[in-house]
Amino acid sequence: MSETFIDALKKRRSIYALDKNVKASKEEIVKAIQEAVKYAPSAFNSQSAHAVVLFGDESAKIWGEGGFAEAALRKVIPEGQSFESTAQKLASFNAGVGTVLFYEDQDVVKGLQEKFALYADNFPIWSEHSTGIAQFSVWTALSELGVGASLQHYNPLIDEAVQKEFDIPASWKLRAQMPFGNIAAPAAEKDFAPIDERVKVIG
């Protein structure tokens, strides 16, 4: 029996123990990300979600020693506070094979606000829905390839450095980062609140 969509949802987890021994090829990973972003729904079919896929040394520019994340965090962590745990976390992201950067095109959002003035206040909210759906779609697609990932939010601390280094359009707003790689260790057991308290059925 083929795997169901619900099975795929159950398989997707936050994987923090990564290494570079991925079985999927670079081409397979890129294709999965492209398809996930392409078919992720968005309000008014705005397609405001964008992704930048970094591999190898390009990904290490964010997570590696002296990289963008470390440089930005050292500026904001209080003097005297140990950086060791933070450095270990960044190293765990750098242990993977790549990173997906998720962006929302603010020119698209502004264009929709001008075109549909009645809903202007809602388009930034719907933009956040768009990136969330794209992130989840990519995350699940990677999981289906046996590739582990987690979702990180070092924006806006790293925005300027990343934009400059990778020539990102000025209208693109960084919303999340997804380091990925081979699953070196499975995710821990996850607790769930009673579903009857979260999903109310009427009628």
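Predicted model: local features only at pLDDT ≥ 70, side-chain atom pairs only at ≥ 80, totals over all residues.
Q: How many residues of β3 are buried?
A: Buried means under 20% relative accessible area. The strand is largely enclosed by the rest of the structure, because the buried residues of β3 number 8 of the 8.

Q: Which residue is the bridge partner of V52 in β3?
A: β2 and β3 run antiparallel. They are joined by 7 bridges. For V52, the partner in β3 is L101.

Q: Which element supplies the largest share of the largest nonpolar core?
A: This core has 20 residues, and I62, L90, L101, I158 and V162 have the most contacts inside it. At least two residues each come from β2 (49-55), α3 (57-63), α4 (68-76), α5 (84-94) and β3 (98-105). The largest share is 4 residues, and the element is α4.

Q: Which residues does L90 contact, leaving aside neighbours within four places in sequence?
A: L90 is one of the residues with the most contacts inside the largest core. Contact here means heavy atoms within 4.5 Å. On that basis the partners of L90 are W63, A69, E70, L73, F83 and Y154.

Q: How many residues are in the other core, the one with I29 and F180?
A: This core lies apart from the largest one. Among its members are I29, V147, A149 and F180. Its residue count is 16.

Q: Is I183 buried, exposed or partly exposed?
A: I183 is found in strand β5 (residues 172-183). It touches I15, A17, G146, V147 and G148, not counting residues up to four places away in sequence. Its relative accessibility is 36%, so I183 counts as partly exposed.

Q: What is the geometry of the F44 and F123 ring pair?
A: A pair of aromatic rings is described by the distance of the centres and the angle of the planes. For F44 and F123 the centres are 5.1 Å apart and the planes meet at 65 degrees. Planes over 60 degrees apart count as edge-to-face. The pair is therefore edge-to-face.

Q: How many residues apart in sequence are the parts tied together by F44 and F123?
A: F44 lies in the loop between α2 (26-39) and β2. F123 lies in helix α7 (residues 123-144). F44 is partly exposed at 40% relative accessible area, whereas F123 is buried at 3%. The parts tied together are 79 residues apart.

Q: What kind of aromatic pair do Y119 and W126 form?
A: Y119 is partly exposed at 36%, and W126 is partly exposed at 24%. Their rings are 6.2 Å apart, centre to centre, with 45 degrees between the planes. The pair is tilted.

Q: Which residues do ring pairs link into a cluster with F116?
A: The model has 12 aromatic pairs. Ring pairs join F116 into a cluster with F44, Y119, F123 and W126.

Q: At what distance from the ring centre of F83 does R74 lie?
A: R12 lies over the face of W139, at 4.3 Å from the ring centre. R74 lies over the face of F83, and its distance from that ring centre is 3.9 Å.

Methods: Residues numbered from 1 in each chain as written. Heavy atoms only, no water. Buried < 20%, exposed > 50% of the residue type's maximum accessible area, 1.4 Å probe, protein only. Core = buried A, V, L, I, M, F, W, Y, C linked by side-chain atoms within 4.5 Å. Phe/Tyr/Trp six-rings, centres within 6.5 Å; stacked < 30°, edge-to-face > 60°. Lys NZ or Arg CZ within 6 Å of the ring centre and 35° of its normal. Pairing = 2+ DSSP bridges.
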